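I opened the model to look up a few items. My notes follow in the order of the checks.

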Amino acid sequence: MAPPTPSAQVDFSPRYRNFALVLLTLVYAFNFIDRQILVILQEPIKLDMGLTDTQLGLLSGFSFALVYVTAGIPIAYWADRVNRRNIVATALAVWSGMTALSGLAQNYWHLLLARIGVGLGEAGGSPPSHSMISDYFPPEHRGKALSFYSAGIYVGILFGFAFGGVLAEQFGWRMAFMAVGLPGVALAVVLVMVLKEPIRGRWDDAPSNQEKAEFRETLAFLTRRKSFWFAALGTALMAYASYGNGNFFPSFLYRVHGMGLAEIGYTLALVSGITGAVGTFLGGFFADKFGQKDKRWYLWVPMWGALIHIPLAIFVLITPNVNALIGVLILSNISGAMYLGPCIAISHFLVPAHMRAMTSAILFFVLNMIGLGLGPLATGFMSDAFSVHYGVEGLRYAMLVSACIGGVPVILFYLAAKHLRKDLAMLQESRD
């Protein structure tokens, strides 16, 4: 991949910056459409291939996360050095193509390999995109911009659930994979044609042509920033509860509440997709609003969101009333989605511009190994174990355990905020 051309080294109008943000967010939405399509298709795949919940958790969690985070480090290394747009476009084409190939799987191992391919491609999506967004937008708008981008998670969930359930019921789960995978390949071509590379370090004191940081240098720099590690662990455990329960929530509605796939798809598309996007954006909005005077709000906003979220999430899992479940799920999703944008933003505030892609990769390594890797796998394992004695209710009890683990981030975000001012001062001293 070639470095940015001289013609690309220009400043951009606010209109173009917003256009670029929307385009990158659309790419991230495709990331989660292709990632989450498996979640709505779990029950027909389980029936067709005779799988256990542990195997489903391995498919949607650990196997994907292991490749995703391992490949993310070297890809972020390149993203701190070469044209980031080309990395994102190539990654999009790979993960979309592997999603389409998932529809051709003839057994569990074929599907596992295809999902590993999806994880490999998606590793090249977020770190370069985070780095580009931080160079498109000035620091005072960075939290909102990164939260807008992070809302692509829920746009992807919305469309993945909405179309996945209908396609599975009408045409089968294989066609559903193909139908959502192939459009991403076309979008990759569009991305190369219209998206321009921003100047690296555009809004920072550090020059854009400085020596690029090695992985060990970035890790050593972050090792001395306690606020980063507390925030990373808090983010990871929020993701643990989110992925652990979110990946089995369609199965929960199907088994425990007797809903059909299409009905589940429509319900979760509207509730989880829209409210998750609202919560993600609000997290960045409030963090930017209050963080102008005190950067600790970038950690206090996730802390309060987690604190509000836990009792709501528990109610959703224990109520027998579907209408009450859906109503409270709206509030639960909003409060539980307020952490990601502010945590990405604060990690970028803590490092020089040339370390941002690698910092995002390290943050996402922690987040995805614990959250995406262990969350679905542990929930699936507990579901199989509890189901021996409690039948279909075993899944409910497993999800309750995962929901309670989501309370730990309240403490971790508080500790991160406690160390933040000292860590920001250390960065300023290194620049002076």
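What is the mean pLDDT of the protein, and what share of its residues reach 70 or more? I read a mean of 85, with 94% of the residues at 70 or more; pLDDT is the predictor's confidence in each residue, from 0 to 100.

I noted the conventions. This is a predicted model, in which local features need pLDDT of at least 70 and side-chain atom pairs count only at pLDDT 80 or more, while totals for chains, interfaces and linings use all residues. Residues are numbered from 1 along each chain as its sequence is written, and side-chain values use heavy atoms, leaving out hydrogens and water.

I then looked up confidence by element (helices are DSSP runs of H or I, at least four residues, and strands of E, at least two, numbered from the N terminus). The pLDDT is below 50 over residues 1-9, a stretch with 13 contacts in the model beyond near neighbours in sequence (contact means heavy atoms within 4.5 Å).

Next I checked serine 402. I found serine 402 in helix α18 (residues 393-405). Is serine 402 buried or exposed? Serine 402 is buried, at a relative accessible area of 0% (buried is under 20%, exposed over 50%, partly exposed in between, with a 1.4 Å probe and protein chains only). Apart from neighbours within four places in sequence, I list Tyr240, Ala241, Asn245, Thr379 and Met382 as the contacts of serine 402.
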